[in-house]
Amino acid sequence: MAIEVNDNNFDDLVLKSDKPVVVDFWAEWCGPCRMVGPIMEEISHEYEGRALVAKCDVDSCPGVSAKYSIRNIPTVLFFKDGKIADKQVGAVPKNNFVVKLNALI
Amino acid sequence: MTVCVFASSSSRIDNDYATAASTLGLLLAKAKMDVVYGGGGIGLMGSLADAVLENGGKITGVIPSFMKDEGWDHSHVSEMIVTSDMGERKKKMFEMADAIVALPGGVGTLEELTEAMTLRQLGLYEGSIIILNTLNFYRSFIDFLEHMVSGNFLRYEHKGMWEIADTPQEVIELLGKTKTWHRNPRSIARI
């Protein structure tokens with residue numbers, strides 16, 4: 001299952017993770033985010049133990065959203081060793097996310 | 001995701017506008033995005049609806065009862081919601097919309113588009129507002145919006161509320177993401 005992250009726990013759960021982390025920046029009111037949400041859930045199950053999938057609601061994470069200049073949602077950031085390794089903006093097919101994540105494992 | 005489309009009901013306009021409306025309908029159906037619109041059977045509304053249906057998509061019309069009585073409704077959309085008046089029709093469409101697209105149109109379309117902008121300015125609607133600028137139809141309106149900004153009737157930040165697409169393909173690309181144009185629109189609503 002994808003974990004929820006916020007301004008308080010982002011550093012501990014994402015930046016200090018020993019596995020690659022996929023972070024889905026989304027909001028309740030965002031239509032295209034609802035197309036990416038189920039894909040993230042699938043990836044979280046398929047990559048369990050190898051990567052972490054996190055969801056970050058931009059309305060409740062103003063600090064993290066500003067830090068990473070999130071201007072369009074959904075934006076999916078791929079973190080490895082505490083740094084951004086890749087990025088995907090917009091609702092795209094699952095394979096686009098899988099290819100980017102596989103490159104980090 | 002449901003995309004609300006506002007568009008002309010005129011059947012006397014250049015055929016290029018109808019082609020763009022049909023292409024948008026096809027692309028929305030292919031992208032598996034549901035459509036809600038004003039329920040009309042002719043003009044750009046009709047072209048859009050026909051293309052969505054021909055390509056296996058889902059389109060819901062929302063039409064006031066008097067227009068239905070006049071026979072202005074589309075005959076076979078996926079669902080038709082009949083409202084008591086124009087205000088209720090628009091309210092229903094806004095409620096269903098995750099994103100709004102305005103095609104070329106007359107004063108009715110313009111009124112729907114500008115109400116969407118007003119709602120987003122006030123933080124009452126948070127989805128995308130995309131203007132399909134076929135044949136540069138909205139050139140004067142876009143200039144007028146700039147005029148509002150330069151005269152401080154709108155803030156510069158408010159220009160982030162809408163996006164302009166030249167082609168139906170660009171509309172689909174823009175629908176794939178939502179601009180987080182402002183975190184607290186009401187804080188800048190007063191100018």
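**Figure 1. Burial in chain A.** Of the 105 residues in chain A, 37% are buried. The structure shown here and in the other views is a predicted model.

**Figure 2. Secondary structure of chain A.** Chain A has 4 helices and 6 strands. Their order along the sequence is β-α-β-α-β-α-β-β-β-α. With a radius of gyration of 12 Å, close to the 13 Å given by the globule rule for 105 residues, chain A is as compact as a globular protein of that length.

**Figure 3. Extent and contacts of chain A.** The C-alpha trace of chain A spans about 30 × 30 × 20 Å along its principal axes. Taking the contacts in chain A between residues at least 6 apart in sequence, 69% link residues at least 24 apart.

**Figure 4. The loop of chain B that holds B:N55.** In chain B, the loop containing B:N55 runs between α2 (43-54) and β3 (59-64). B:N55 has 14 C-beta neighbours inside 10 Å; a residue needs 20 or more to be buried and 12 or fewer to be exposed, so B:N55 counts as partly exposed.

**Figure 5. Surroundings of B:N55.** When neighbours within four places in sequence are left aside, B:N55 is in contact with B:L26, B:A29 and B:K30. B:G25 lies 30 residues from B:N55 along the chain, and the C-alpha atoms of B:G25 and B:N55 are 8.2 Å apart.

Key
Residues numbered from 1 in each chain as written. Chains lettered and ligands numbered in written order. Predicted model: local features only at pLDDT ≥ 70, side-chain atom pairs only at ≥ 80, totals over all residues. Helix = DSSP H or I, 4+ residues; strand = E, 2+ residues; numbered from the N terminus. Contact = placed C-beta atoms within 7 Å. Rg over C-alpha atoms; globule rule 2.2 N^0.38 Å.
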